[in-house]
Amino acid sequence: MQLLQYVVVSCLSSTESLLQSLAFTKQPGSIVFPVDSQESNREVMFSCEAQGSPPPLYRWKLNGTAITPKSGSHYSLSGGNLRISHLNKDQDAGTYQCLASNSFGTIVSREASLTFAYLENFKTHRRSSVSVREGQGVVLLCGPPSHSGDLTFTWIFNEYPSFVKQDTRRFISQETGNLYIAKVEPSDVGNYTCVVTNTVTKTRVQGPPAPLVLRSDGIMGEYEPKIEVQFPEIVHVAKGSTVKLECFALGNPVPSINWRRGDGIPFSRKVDVRKASGVLEIPYFQQEDAGTYECVAENSRGKNTVKGKLSFYAPPHLIEKPQGVQKAIDDSLVWECKATGKPKPSYRWMKNGENLEPLERVQVANGALSISRLTLSDIGMYQCVAGNKHGEVYSNAELRVIAVAPDFSQNQLRSHSMVKEGGDVLIECQPKMSPWGVISWRKGSEALRESNRVSILDNGNLRIQNATKADAGLYTCVARNQFGVASSSGTVMVKEPTVITTPPSTLDVTVGESIVLPCQVNHDPSLELKFTWFFNEQLIHFGNHGGYFEKVGGQHSAGDIMIRNIQLRHAGKYTCAVQTKVDSISIAADLVVRGPPGPPTSIHVEEISDTTASLSWRPGPDNHSPITTYTIQARTPFSLGWQAVTTVPEVVGGRRLTATVIDLSPWVEYEFRVLASNAVGTGEPSRPSKQARTKETSIPAINITSAPTAPKVTPANVSGGGGSRSELVITWEPVPEELQNGPGFGYVVAFRPYGATGWMQAAVPLPEASRYVFKNESIQPFSQFQAKVGVYNNEGEGPFGEVVTVYSAEEEPGRAPTRTRARSLSAYDIEVSWKALPWNTSRRRVLGYEVSRYWEKTAPEEAASVQRTVGNQTSAIIRGVKGSSTYYVSVRAYNTAGVGPPSATVNVTTKKPPPSQPPVKVMWNTSDSKIILNWEQVKALENESEVTGYRVLYKCNRHSRPTVMETNTTSVELSLPMDEEYFIQIKPFGEGGEGSSSRQITIPRIAGPNAIGSATKVSTLSALSTIALSFTARTSL
C-alpha cells in the first residue's frame, strides 16, 4: 500500500507546475426578485466562478439540499452559473450555495438568498370619517397591504397631486405609514389617502380615502405633548450602515422635537437632525455611535421624553486566514483562523465541502485547526467559516501531503568546498524526501568517522573544524527513508591561509604632501586576492573623493594606495581588507596630518579707548604643529575689507592669548578677528568679534571712557546751484564717521551775497546731511553768492572749509527754438534740427535742448520719448524708431530750473525698412592672393526699401574690428594675403538702412595655390585643396 501511495504522489509532484488548487473568483450574491415583473420569462442567475487546474466542476445547493438540473427542469448550469427560469415564489425562495470541485478537493461559496418582492392591493375600499376638535391631535392610520420588500409612504390631501407636506405640525412615519397631525386646524379638513410604494418592484397602491371632519362641540384646550411616534427600546445597527430614528408628538401648542445622547456627548458632524420631520439620521454607523438616545417633545404645557438604545453589530471579517501548505507524511499541521465581529464570531471547518468533525488526530479550538500524524487521506481543500448571527465569511486553503524517496536532483552537494588550513567548513546536505529519513557520510569509499573536529549535525550537514591538509578529499552524503536511498558527492580543498606582512603603523604627514599606505600579503598562489580600503570605516571609492586616492600596488600580492595632496580632513584610520575565496583579513594604520592651525575662538573686546582696544581669545586646534604667532586684523564700516593692525606687543607669540590694538580712530565701530600661524602656515581667521565703538561712555566688558575732541576735517566738494525760484542751494560731501571725532556731529553753513562783508550762518545737526537750502523771496534769479561749510560736535566747533562761489536758482528759458526741421535718415533714424537761442549767462541760461517725439500729434506730454542735447548744439539724431511710420517732433530749451516752451511741432515719415532677407548662395574662391566673393541678388519685399548696394565686412581674427567695403554689384574681389584665416559677412543696404547679414563665412588659411567654396553644400576635394562651408542661419558680427 505504501508503494502505491508513493507512486501516486511522485506522479503528482512531477506535474505540480501544471496543477492549481481551487479558489473562487466570483461568488453568488443575494437577489430580490420583483413578483410584479412584466417579463415573459421570469428568471434569475446566480454567478459562480472558480480558478483551478484541472478546471473545476460545479454543483449547487438550495437550503442545504443538492439541486439536480435535469432536462426540462427550470434549473440549468452555464459554467458555474445557476440559471433559474419560470420562477416560483413558493418553491425557489431560500438560501443557495455553489460548490466547486477538482482533483484537489471541493470548496463551498458563501450563502446567497433569493427572495421575492411584491405589494398587494388594499383590502378595504371605504374608511370611516375621523371627527376631531380644532386644536386636538389626530393619527390617520395607513394599514399597508400584504407585501415583501421595503416600502415608502406618502399621503394625498383631497385630490392628486396635492400631497401632504411634512413640517413641525405634520409627520408621516416611514415605519408604519401613519399620518400624524400634532394640532388640527380648520385648513386640515378634507379627505386623506395613503399611498404605498414598493422600492423594489416600483409598484404603487392607494388606500381608501379617510375623511377628516371638525366637531362642533368646541375647541380643544392646551395640553402637554403626547409622544405617538417612538423608536424601539433596542435597535441593532450594522457597522457602516445608516440608521434613522423617528419621534413625533401630539400637543397644543405644537410641540418642538429635540434629540440628545444619554451620555451627554454632543453629536458628530455626520449626524443629521431633522427637527421639522422628527427624524434623527446617523450615516456610516460605528462603534462610538452606539448608546442611548433620547427624544424630547416640549411645549408650554410640559414635556415628555422617550429613550432607546442603539446597539452596534458587525458581521465577521477575517483578519488571519489559513494558507495552502505542503506537508510531509506523518508531519503535523496547525492552521490559524481569526475574525473580528460583534457578537464575537464562532468557527467551524469544512473539508471538501463537508463539515469537518473532530477526531483523535483532528482538533478545532478557537478557530485553529490542528491535524497530527498526517496521512494521504488528509489531502484536500479546507475552509474556515467564521460566523455570527449577522453573517458568515469563508477562507480556503489546500493541504498537500507528500511521500517522496530521497532526491538530490534539485539540491546537489557543492562540487568544491574550499577552506583555509585551520579554518572551519560546513557542507550542506539537503535532499528532498518525505518523510525525513537517515543521513550518513562517506569520505572516499570509507564511512566517515566523527571526532571532536568532524561532526554530522542533526539536520544532516557536515561540519569540519580546524581543518588540516588531511581533511582534503571526496565526501559523499547518503540519504535513506522507507521509499528509497540516494547520494551526492563533493570535494573539500584545504588552502594555505592569507597573511598580511605589512605591520600596523602610525604615519605622520604635512598638508599638501603625498604618501603611500602599504598593504602586502603572503597567500595561497591558487587563490585570487581582492583588496578593499576603508577610511574611518567608510568604503573608499577610487576615482571619487576629488582624485586624492589612487591604487599604486604593482604586484599581485600588494594592495598599496597613494593619497595625493593630503588635506586635514584625510587624517584618521585607514583599513586594508584582503579577501580570498576561503578567508579575509585586515590591517589598520593611523594617519596624522599636520597643517595650519584652526581658527581661534571666543574673540572678546575686553577694553576700548579712543585709539586702543584690548582683545582676548581662545586657541583653535593646532593640527599637530604648535602655534607660533597670532595676527590681529580689524575692519570698520568704511574700510575695504580686513586690514592688519598694529599691536602691543608687536609680535604676539603662540602662548599669548591677549593683545592690545593701537592707532585706532576715535568714535568708530570696529570688528576684530585673529589668525593663528605655526610651522606649516597660517590658518583660517576666527569669527569676527562683536562691534565695539570708541566713545566716552563706559560699557561693561566692551568699552571704557575715551576723550572725544572737536572735529578737524571739513567737508569736501562744496558747491551749489539749482533749486526752485528764490532758493540758494549749497551742497557738500559728508564727513566720514571715523573723522567726526565724537558724538553730536553736525555742519555750520555760512553764506553771503557776493561783495557783502557779513556772513549768514545756519546749523545742520545731521552727520549724514549733504545739502542746505536757503529760501528768501528777495533772492534774485541766478545771483552770485559766496559760501563755506564748517563742522562741530559735542566737544566744540571745528574749522570752516574754503570759500566757494555758488549761484541762486535761475529761471527756466522763456523762448522756444525756431526753424525746427525733421528728416528721415533711414527706417530707424530721424535727424532733427533747429535754430539755437542766444547763449549767455543771464538769468535765463540755456544749458541744452530737449527733443520730444510722439506717435500722435495730440498725445499727452508724458507719453513722449525725450532725448536731451548738451550745449549750443542745433541738431540731434533720434535712433531706434520704426520704419514706414509717422512721428511728431518738437524742441524746447532747458536749464537747471526746468524746460522752456516747446517749438512748433513738425512731422516726419520714416523710410521703408531695409531688406529682411540675407544674401544667400555665397560662393568664394581664392587665387593669386585674392579672395573673390559672389552671391545672389537680394530682392526687397513690397514693404521694404530697394537694395542700392552691399557692404562686405572682413577681419582676420574674431576679436579685431572689421574692414568695410561697399559695392553696388553682387560680387567683390579682395586682395588679401592667404596666410591668414578670414571671417567675412555681407549685408545689403538701401535708403532704409542696413539689411540682414549673411552668416559669418570662415575662409581658412590656404596652403595650396587655390581653393573654392560655397554656402550651400559641404565637400572636400583633397586634389584641388577644396573647402566648402554650409551656412543656413543669419548671424551678426
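Biologist: How many bridges join β3 to strand β8, and in which sense do they run?
Modeller: In this predicted model, β3 and strand β8 (residues 81-85) run antiparallel and are joined by 4 bridges.

Biologist: Which residue stands opposite phenylalanine 46?
Modeller: Leucine 82 in β8 stands opposite phenylalanine 46.

Biologist: And which residues make up the covered face of β3?
Modeller: Strand β3 covers residues 43-46; Val44 and Phe46 form its covered face, whereas Glu43 and Met45 form the uncovered one. In a regular strand, side chains alternate between the two faces of the sheet.

Biologist: Changing topic: in what order do the strands of the open sheet with β31 come?
Modeller: The order is β31-β36-β35, 3 strands with antiparallel pairing. The edge strands, each pairing on one side only, are β31 (333-335) and β35 (362-365). From one strand to the next, the twist averages 10°.

Biologist: Over how many bridges do β31 and β36 pair?
Modeller: There are 3 bridges between β31 and β36 (residues 368-371), in the antiparallel sense. Valine 334 stands opposite serine 370 in β36.

Biologist: Now cavities. How many of 30 Å³ or more does the structure hold?
Modeller: The structure holds 1 such cavity. The volume of the largest cavity is about 70 Å³.

Biologist: What lines the largest cavity?
Modeller: Its lining includes Thr502, Ser505, Trp533, Tyr574 and Cys576. Both β57 (572-579) and β58 (584-594) supply at least two lining residues, and the largest share, 3 residues, comes from β58.

Biologist: How many of those lining residues are nonpolar, polar or charged?
Modeller: The lining of the largest cavity has 8 nonpolar and 2 polar residues, and no charged ones.

Conventions:
Residues are numbered from 1 along each chain as its sequence is written. This is a predicted model: local features need pLDDT of at least 70, side-chain atom pairs count only at pLDDT 80 or more; totals for chains, interfaces and linings use all residues. Side-chain values use heavy atoms; hydrogens and water are left out. Two strands pair if DSSP finds at least two bridges between them. Axes are lines fitted to C-alpha atoms, for helices over the stretch in contact, and angles run from 0 to 180 degrees between N-to-C directions. Buried means under 20% relative accessible area, exposed over 50%, partly exposed in between (1.4 Å probe, protein chains only). On a 1 Å grid over the protein atoms alone, a cavity is a set of points where a 1.4 Å probe fits but cannot get out, and a pocket is an open set with protein on both sides within 12 Å along at least five of seven lines; lining residues have an atom within 4 Å of a point. Grid points are joined across faces, edges and corners, and a volume is the space filled by probe spheres set on the points. Ala, Val, Leu, Ile, Met, Phe, Trp, Tyr, Cys and Pro count as nonpolar, Asp, Glu, Lys and Arg as charged, and the others, Gly among them, as polar.
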